[in-house]
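Biologist: I would like to go through this model with you, term by term. Please give the value behind each label.

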Amino acid sequence: MELLEGEALPVTGSTTETESAEEKAQQQATQPDTSNEELPILAVRDTVLFPYALLPLTVGRPSSVALVESLGENRHIGVVSQIDARTDSPGPEDLHQVGTVAVIHKVVKLREGQLLFCEGVSRMRVRSYTATEPYLRAEVERIPEIEPEIEQDRTPELIALRQNVLTAFTQIVNASPNLSDEIATAAANINEVGRLADFIAGTLPSLSHAERQSVLEMPEARTRLQFINKQLAREVELLELRQKIQSQVQGQLSQSQREYYLREQLKAIQQELGEGDERERESQELREKIEKCGMPEEVKQEALKELTRFSRIAPMSPEHNVSRTYLEWLTSMPWNVSSGEAVNVQHAAQILDEDHYDLEKVKNRILDFLAVMQLKPRLKGPILCFVGPPGVGKTSLGRSIARSLGRKFQRISMGGMHDEAEIRGHRRTYIGAMPGQIAQALRRAAVNDPVFMLDEVDKLGRDFRGDPASALLEVLDPEQNSTFRDNYLDVPFDLSRVLFITTANVLDTIPEALRDRMEIIELQGYTEQEKVVISFRYLIPRQKKENGLDEEKPLEFADDAIRFVIRRYTREAGVRNLEREIGTLCRKVARRYAEGGEPVTGITPALVEEFLGAPRFRPDTEVAERIGRPGVAVGLAWTPVGGDVLFIEAGRMPGGSKGLIMTGQLGSVMQESVQAALTWVRSNAERYKINPEVFKNSDIHVHVPAGAIPKDGPSAGVTMATALLSMLTDKPIRKNLAMTGEITLVGQVLPVGGIKEKVLAARRSGVKEVILPCDNEVNVREDLKREQLGDMTIHYARTMDEVAAIAFGAPELTPKAMAKKAPGGVLKQKGAARRRRSKLAA
């Protein structure tokens, strides 16, 4: 056995506590008077030598071997434990201050090092080290033993403490297979309480090296015995806990054996009564379910095969429950159960009109889809995907479609889904395996033609567990989902009857292959008038009902109060926050009723401000206040939650590094738009009377406020160029004017997307005029209604010169930018050009 330097050999009964008193007295008589002496010091690892204990120690260090070989007739040494056992060459600072004076009885040479048989004599304290080479030597002071006399100092408390220690130690020895029974007998024969504490500390295996060292450093016997008593009490408690756990395990085994015998007896009794075997009855019930559930022949053969396997498995086997659960899943799937209701387009249109206001374009596309389903029930058409900001009614549209078709509705949230097994299920080889969300939803619906709403498909995750978006490709492909296989069921299921509808906030994060399988239907935001109608038709009645404001507690909302909430407390494309604020108002009124205060029967703008606090937005003045100085322009941006206005600020600093500074967390595309805008301004500086020396002697800073929000996209190029031009010409831009469009280096204005969202955002913010690219005129004509525009004026521009002329109030400089506002805000810019051409012809 290989031992480290100074490690003690495991020797059973390695103490000399049982030697006679005569031998101890003779030994003490032969010891020299060394109350204050110089001794060689032997450093040991993870070992504590107690007085009167005999331990074999191995030595292998050159210094330790030199120490042993230098000993003459006086074979007394000091044994001191290392503070850190990993130190190979310990010095004085690496050793404890308290050790043991020991005498070497025998030295045995080994192949590597020497084996010493040492016996502890007394405790000692190192006063100072006198030498470190070739081995350690130190001046030591022996610590006298403070042992109470049996006749005088032995109190009943101390006697009881000794008996308690012996009882606990005997209990531990009897329960430990590694401790001999002779050790308990030896402990019982020790009368001195100090020697008893040292003996148990050196024998008890649960004590750590630090705890043994602390016992060695205690000179008073009573203190050592009290410490040992605490350690033994802890060990007895752990021993009882282990025995309790063992008895519980044995009890469980005994319970299993008892259940087995009882089950066998029950089987014999049933056979005597002619009731048959329970397992056979269970198998027969499953067989009847398989026959009645209408499985396809391929699935039925697989189920019968599993049933045969199930009937051979013992009930006590873990496979019994696994097989039974699988068969129950197979028999509970809706193989041939359908809703049975035909598609009625007129009824569907009525339902859609009841549940949703406006959304005519979306409703028409849904009705077109349902009309084809009415003519061809087994339609393998595209999957509908509703894309739009939060709160515009995507999920509720799916519920309305299900209600209009008379089908069950099931919603599955795809947001944050990372595991492919959530779609296809886990294989049965895994513990706790379950079918995927598709199979679970079919089981809940109990029909094979429900309406499935797959929410938030744009937020699917992807990691080492698989790609859920790839798993959806089979589910949403009409050519493949007729033989969909769940990993748990491992049999084909026909999903072609299921009407799948997906929702998303943005399309960019949806994989191209998955997007190709869906028909995109966009839902833009609502105007203020539309939100007012939606509030009175749907939101207010629902919130009044949810907050207990029935007919006995009438509450009316004024039209201007709802408009005040929309303008001053919400800024969104949908109506989710609007409903939340209406709910807050209803709760405030309900609290008035509950507290017995003056009841509120009508909500006015004053009450809105009282209940909701100070207004959060100022749409009528925010744009006008911020744009009334040179270098500030208002842009329009598209976000996943609808459109928004974007303020662009440009500034000039004389001197500096003559560079371009961009701040506000601008993305790479937006930074390129700034650079392109600056290039256009510099190339046209002479036409706009800008001193070219400005670019040589100044730093130009472009900043987009709300710097904590990342921003990117190409549609701010026109706004960047206008802001730079305003700053360099020291001309402010017209108030209540916003713009959007991409710019080229030669000043061309290119079309951008999200026109409806941007225009609606401009109107929500109090903007009266908007500059759009000419190629986006078709988007305004098709996507925006006359009432949505209101009194807003829209200008169309093809070049930056036209944008500059409109922005700085000189539209007559660019004939193409000339526009005349028509009733309802629709522009007739083509009429001016037509009249001009007729005059030239005349």
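**Helix packing and cavities**

Modeller: The model is predicted. Start with helix α25 (residues 717-729) and helix α29 (residues 800-807): their axes come within 10 Å and cross at roughly 60°.

Biologist: Why is α25 called oblique to α29?

Modeller: Roughly parallel needs an angle under 35 degrees, and roughly perpendicular begins at 65. The crossing is at roughly 60°, which makes α25 oblique to α29. The crossing is also right-handed.

Biologist: Which residues make the contact of α25 and α29?

Modeller: From α25 come Val-718, Ala-721, Thr-722 and Leu-725. From α29 come Met-800, Val-803, Ala-804 and Ala-807. By class, that contact has seven nonpolar residues, one polar and no charged.

Biologist: At what angle do α23 and α25 pack, and how far apart are their axes?

Modeller: Helix α23 (residues 668-683) packs on α25 at about 45°, and the axes are 8 Å apart.

Biologist: What does each helix give to the contact of α23 and α25?

Modeller: α23 gives Met-670, Ser-673, Val-674, Ala-677, Leu-678, Trp-680 and Val-681. α25 gives Gly-717, Met-720, Ala-721, Leu-724, Leu-725 and Leu-728. The classes are eleven nonpolar, two polar and no charged.

Biologist: What makes α20 roughly perpendicular to α21?

Modeller: The axes of helix α20 (residues 576-594) and helix α21 (residues 605-612) come within 10 Å and cross at roughly 85°. Roughly perpendicular covers 65 to 115 degrees, so α20 is roughly perpendicular to α21.

Biologist: Which residues of α20 and α21 are in contact?

Modeller: Glu-581, Thr-584, Leu-585, Lys-588, Val-589 and Arg-592 of α20 meet Val-608, Glu-610, Phe-611 and Leu-612 of α21. Here the classes are five nonpolar, one polar and four charged.

Biologist: Which residues line the largest cavity?

Modeller: Met-333, Trp-335, Ala-439, Leu-442, Phe-484, Asp-486, Leu-489, Val-491 and Phe-493. By class, this lining has eight nonpolar, no polar and one charged. Asp counts as charged, and Asp-486 is in the lining.

Biologist: And what lines the second largest cavity?

Modeller: Val-44, Thr-47, Val-48, Leu-49, Val-79, Val-80, Ser-81, Val-98, Gly-99, Thr-100, Gln-213 and Leu-216. β3 (76-81), β4 (98-109) and α6 (209-216) each give two or more residues to it. The lining has seven nonpolar, five polar and no charged residues.

Biologist: Which peptide bond is cis, and what is its omega?

Modeller: The bond that joins Glu-133 and Pro-134, with omega about -5°. Pro-134 sits in the loop between β5 (114-131) and β6 (137-143).

Biologist: What is the phi of Leu-359, positive or negative?

Modeller: Positive: phi is near 55°, in a residue other than glycine. Leu-359 lies in the loop between α11 (345-355) and α12 (360-375).

Definitions and conventions
Residues numbered from 1 in each chain as written. Predicted model: local features only at pLDDT ≥ 70, side-chain atom pairs only at ≥ 80, totals over all residues. Heavy atoms only, no water. Axes fitted to C-alpha atoms, helices over the stretch in contact; angles between N-to-C directions. Helix = DSSP H or I, 4+ residues; strand = E, 2+ residues; numbered from the N terminus. Parallel < 35°, antiparallel > 145°, perpendicular 65-115°, else oblique. Left-handed = near helix turned anticlockwise from the far one by under 90°. Contact = heavy atoms within 4.5 Å. 1 Å grid on protein atoms, 1.4 Å probe; cavity = no way out; pocket = protein on both sides within 12 Å on 5 of 7 lines; lining within 4 Å.
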